[in-house]
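Take a look at the fold below.

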Amino acid sequence: MPEILITYAAEIRLAIGQTFVMVGVSILAAILLGLPLGTLLFLSRKDQLLANRWLFSALNLLVNTIRSFPFLLLVVFLIPFTRLIIGTAIGTAAATVPLAIIAIAHYSRLVEQSLLDVPKGIIEAAVSMGASTRAVVMKFLFVEARSGLILGLTTSIVSFISYSTIMGVVGGGGIGDFAVRYGYQQFQTELMLYMILIMVILVQMIQFAGTTVARLLDKR
């Protein structure tokens, strides 16, 4: 192992742990809230099971507004809200708030797109058999779209890792923040390159795992 990595081993472990916490909370928020939100976006569209023009317009506007925010500005904009629910706007825990919000908006749109790829005939067949809306969603929509949902989540996770590198502005830490503070600002280019390599390897592993799972679930 290169000497410089041994020297900063404790700080690197801490940075990796902080990144895992931020990304982990983002994934949890995406699944628990982004998936239902994206499903509701799909169901409330015109000609769908819960078609509601006003509900769809409101949800669509909300998701588009959050996704259109430059992430750094969103972090700053949410500082009062973060302080309200966490008690502080500084630190890894505080950094999870804007990350969770962007995660929900980001994944909900990918969920909606995945569900739109499900043939309409499948929904019509399910309804004709007397399936409830819940049954249609759980037993037909999610089953047919499972490969796309996994790929969408994989894409989202990669984005969450990228977003986490910005969280140094609120003391969130993480690999990106470590690379800037210890590598770039202290002119230790070698250390910065090692951090970039760690990020690249992490992203490649996640992408490979997500693609593999999606391929195994794709029965088409």
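**A helix checked by its length**

Helices here are DSSP runs of H or I with at least four residues, strands are runs of E with at least two, and both are numbered from the N terminus.

This is a predicted model, in which local features need pLDDT of at least 70, side-chain atom pairs count only at pLDDT 80 or more, and totals for chains, interfaces and linings use all residues. Residues are numbered from 1 along each chain as its sequence is written, and side-chain values use heavy atoms, with hydrogens and water left out.

Stay with α10. Its buried residues are Leu191, Met195, Met199, Leu202, Gly210 and Ala214. Buried means under 20% relative accessible area, exposed means over 50%, and partly exposed lies in between, with a 1.4 Å probe and protein chains only. An α-helix has 3.6 residues a turn, so residues three or four places apart point the same way. What covers these buried residues of α10? The cover includes α1 (3-7), α2, α8 and α9 (175-184). Contact means heavy atoms within 4.5 Å.

Now turn to α2. Two packed helices are described by the angle between their axes and the distance between the axes. Axes are lines fitted to C-alpha atoms, for helices over the stretch in contact, and angles run from 0 to 180 degrees between N-to-C directions. The axes of α2 (residues 9-43) and α8 (residues 133-164) come within 9 Å and cross at roughly 145 degrees. The crossing is right-handed. A crossing is right-handed if the near helix is turned clockwise from the far one by less than a right angle, and left-handed if anticlockwise. On the α2 side the contact includes Met22, Ile27, Ile31 and Phe42; on the α8 side, Val137, Phe142, Leu153 and Phe160 are among the residues met. By class, the contact of α2 with α8 has 16 nonpolar, 5 polar and no charged residues. Ala, Val, Leu, Ile, Met, Phe, Trp, Tyr, Cys and Pro count as nonpolar, Asp, Glu, Lys and Arg as charged, and the others, Gly among them, as polar.

Helix α6 (residues 92-116) also packs on α2, at about 40 degrees and with the axes 6 Å apart. The pair is therefore oblique. Angles under 35 degrees count as roughly parallel, over 145 as roughly antiparallel, 65 to 115 as roughly perpendicular, and the rest as oblique. This crossing is right-handed too. Its contact holds 19 nonpolar, 8 polar and 2 charged residues.

Ser114 sits in α6. It counts as buried because its relative accessibility is 11%. Leaving aside residues up to four places away in sequence, Ser114 touches Ala145, Gly148 and Leu149.

Two loop residues deserve a look. Asp47 lies between α2 and α3 (53-68). Its phi is near 75 degrees, a positive value in a residue other than glycine. Asp47 is exposed, at 56%. Phe187 lies in the loop between α9 and α10. Its phi is also positive, about 60 degrees, although Phe187 is not a glycine. At 74% relative accessibility, Phe187 is exposed.

Finally, step back. The chain has 10 helices and 0 strands. Its C-alpha trace spans about 65 × 40 × 25 Å along the principal axes. Of its 220 residues, 43% are buried.
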